[in-house]
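Open the model in your viewer and keep the sequence panel beside it. We will go from one selection to the next and see what is there.

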Amino acid sequence: MLYNAFEYAVEVGEYERNPIDSVKWTPPKLADEVDWRVVISPRQMRECLTAATYVGQRGRGRRLRALYACMYYAALRPAEAVALCKEDCHLPEEGWGKIVLSKSLPETGSRWTDSGTTHERRGLKLRPVNEVRTVPIPPVLVKILREHIREFGTAEDGRLFQTERGGVVGSTAYGDVWAEIRKLAFTPEQVVSPLARRPYDLRHAGVSLWLNSGVPPTEVAERAGHSVNVLLRIYAKCIDGQQDRANERIDDALGA
């Protein structure tokens, strides 16, 4: 942003050239691969969803149970899950359903939004405006969403997840509840470990599950909203069995 501000200053004649170009500094490389230690198993996820029903007063954890399920079983980003509306969901009584995503509600400071609120409706991340993404969802998530709608209804604008007063669920709220869920569902050693430390790690676990189940990377990328290259780079360390298969191929080559 600062660089672009100076570029604009150059355009309007305030500077002859962008002064940042003369700075000799290389930003440190940041790890963009997912740490395999954050990935939880389906059994652990089921235990977490059960624990959610015991957290907080007035059904605080139960109200967010389906939100976490969407992050895991549909690999939704938190901003996508928070923006999910009933009309976006096809929830048959039996079999697989689907979610059609077209918007997100990313959280930011109210000073930086046009509406003056902490959440502003936007399109999907890394997608052209008005483009949608369809995610097939397994029967377990279909059932959880149907139960959620039956118990809590929807907000006035159709959102599935809302506060007790109908507001948008903030990251602090679902983050605090998730911290309590981990304490109930995990062993003391797991609680202090990186295992599903953040709600966003549920999305990582969901994508990793798809890849390890043998779903083609092209299909996984489409469902997760990634390019194939980015998908494989980010989740390279979360794909089980790669080392064993590589070792077998090397053994075969050495014995040839």
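**First stop: H2 and H3**

Select helix H2 (residues 42–52) together with helix H3 (residues 60–73): they pack at an angle of about 160°, and their axes are 8 Å apart. H2 is therefore roughly antiparallel to H3, a label for angles over 145 degrees. Axes here are lines fitted to C-alpha atoms, for helices over the stretch in contact, and angles run from 0 to 180 degrees between N-to-C directions. Helices (H or I, at least four residues) and strands (E, at least two) are DSSP runs, numbered from the N terminus.

Before moving on, note that this is a predicted model, in which local features need pLDDT of at least 70 and side-chain atom pairs count only at pLDDT 80 or more, while totals for chains, interfaces and linings use all residues. Residues are numbered from 1 along each chain as its sequence is written, and side-chain values use heavy atoms, with hydrogens and water left out.

Now show the side chains of this pair. From H2, Pro 42, Met 45, Arg 46, Leu 49 and Ala 52 meet Gly 61, Arg 62, Arg 65, Tyr 68, Ala 69, Tyr 72 and Tyr 73 of H3; contact means heavy atoms within 4.5 Å. By class, eight of the residues in the contact of H2 with H3 are nonpolar, one is polar and three are charged. In this scheme Ala, Val, Leu, Ile, Met, Phe, Trp, Tyr, Cys and Pro count as nonpolar, Asp, Glu, Lys and Arg as charged, and the others, Gly among them, as polar.

**Second stop: H8 and H9**

Next, select helix H8 (residues 200–212) and helix H9 (residues 217–224), which pack at an angle of about 155° with axes 9 Å apart. That angle makes H8 roughly antiparallel to H9. Arg 203, Val 207, Trp 210 and Leu 211 of H8 make the contact with Pro 217, Val 220, Arg 223 and Ala 224 of H9.

Switch to the strands. They form an open sheet of three strands in the order S1-S2-S3, with antiparallel pairing. S1 and S3 are the edge strands, each pairing on one side only. Two strands pair if DSSP finds at least two bridges between them.

Strand S1 (residues 89–90) pairs with S2 over two bridges. Look for Cys 89 opposite Ile 99 in S2, and for His 90 opposite Lys 98 in S2. Six residues lie between the strands in the hairpin of S1 and S2, where Gly 95 takes a positive phi near 80°. On to strand S3 (residues 133–137): five bridges join S2 to S3, and Leu 101 stands opposite Arg 133 in S3.

Which residues of S2 (residues 97–101) lie on its covered face? Gly 97, Ile 99 and Leu 101 do, whereas Lys 98 and Val 100 are on the uncovered one.

**Last stop: Phe 6**

Finally, select Phe 6 in helix H1 (residues 2–11). Leaving aside residues up to four places away in sequence, Phe 6 touches Tyr 15, Asn 18, Pro 19 and Ile 20. Phe 6 and Pro 19 are 13 residues apart in sequence and 7.5 Å apart in space, C-alpha to C-alpha.

Zoom out to end the tour: the protein chain has 11 helices and three strands.

Definitions and conventions: Parallel < 35°, antiparallel > 145°, perpendicular 65-115°, else oblique. Buried < 20%, exposed > 50% of the residue type's maximum accessible area, 1.4 Å probe, protein only.
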